[in-house]
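I opened this model to look up a few places in its fold. My notes follow, entry by entry.

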Amino acid sequence: MNAFLSANDTPKLQSLVDAIVVNKAKDGLPLILASAQWELLANYLLPVTLAQGDVLFRQGVSDRTLYFVASGSLSVHFEDADKRIRLAIVGAGSVVGEGSFFTGLPRSATVQAGSACVLWGLLPMRFTELTHRKPELALSISMAAGAVVAKRLLHSRNRAAVT
């Protein structure tokens, strides 16, 4: 079960910034922002912690939240009638939930914590607010998340891992 944290327990957003900078994976999030932009974005994000084994979201659920991975790793898997098929492992410095974020369709896979994780969630309502108040920042996020989708689609093993 994911846990949205109170302001008193909030992890530092700097861990997300650092993870994005060092992530050299094919599906790393190419989001480069100035310090002031990160500080502004922090006001729109909700920190989430997961223990190993916790499910972030399940396949088929309607939710458009985009999650930025600050630490830990997540297992993305598809569930069919016969078994669970692992599609990908997503690490710090990337995102999950990007498919539903853009399409509004139900989640295409289940995402579960492979280790303890800290994530930052961008709820659809908060993203809409961001588009009105700081459209250039919202565009940067959209383009970076879109780049992750494109990279995952181009990589045949991760094609089905767009969540």
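**Entry 1: His77 and its strand**

I started at His77, which lies in strand β5. Strands here are DSSP runs (E, at least two residues) and helices are runs of H or I (at least four residues), numbered from the N terminus. I noted that this is a predicted model: local features need pLDDT of at least 70, side-chain atom pairs count only at pLDDT 80 or more, and totals for chains, interfaces and linings use all residues. Residues are numbered from 1 along each chain as its sequence is written, and side-chain values use heavy atoms, with hydrogens and water left out.

Is His77 buried or exposed? His77 counts as buried, because its relative accessibility is 2%. The cut-offs: buried means under 20% relative accessible area, exposed over 50%, partly exposed in between (1.4 Å probe, protein chains only).

I then listed contacts, meaning heavy atoms within 4.5 Å. Leaving aside neighbours within four places in sequence, His77 is in contact with Gln59, Arg84, Ile85, Arg86, Leu87, Ala109, Thr110 and Gln112. The bridge partner of His77 in β8 is Thr110.

**Entry 2: the sheet**

I traced the strand order next. An open sheet of four strands runs β3-β8-β5-β6, with antiparallel pairing. Two strands pair if DSSP finds at least two bridges between them. β3 (55-57) and β6 (84-91) are the edge strands, each pairing on one side only. On average, neighbouring strands of this sheet are turned by 30° against each other, direction ignored.

I checked both partners of β8. Strand β5 (residues 73-79) pairs with β8 in the antiparallel sense over four bridges. Val76 stands opposite Val111 there. β3 and β8 are also antiparallel, over two bridges. Val55 has Gln112 as its bridge partner in β8.

In a regular strand the side chains alternate between the two faces of the sheet. I looked at the faces of β8, and both are covered. Thr110 and Gln112 on one side and Val111 and Ala113 on the other are all buried.

**Entry 3: Thr110**

Thr110 sits in strand β8 (residues 110-113). Thr110 has a relative accessible area of 1%, so I logged it as buried. What does its side chain reach? The side chain of Thr110 reaches the backbone nitrogen of Gln59 at 2.9 Å. Beyond four places in sequence, the contacts of Thr110 are Val55, Phe57, Arg58, Gln59, Ser75, Val76, His77 and Glu79.

**Entry 4: Glu98**

I moved to Glu98, in helix α3 (residues 98-103). Glu98 counts as buried, because its relative accessibility is 0%. The side chain of Glu98 makes a polar contact with the side chain of Arg152 (2.8 Å). A polar contact is a pair of N or O atoms within 3.5 Å; within protein, one must be able to donate a hydrogen and the other to accept it, and residues adjacent in sequence count only if both atoms are side-chain atoms. I also noted Leu66, 32 residues from Glu98 along the chain, with 5.8 Å between their C-alpha atoms.

**Entry 5: two helices**

Last, I looked at how two helices cross. The axes of α4 (residues 124-133) and α5 (residues 135-154) come within 5 Å and cross at roughly 130°. Axes are lines fitted to C-alpha atoms, for helices over the stretch in contact, and angles run from 0 to 180 degrees between N-to-C directions. That makes α4 oblique to α5. Angles under 35 degrees count as roughly parallel, over 145 as roughly antiparallel, 65 to 115 as roughly perpendicular and the rest as oblique.
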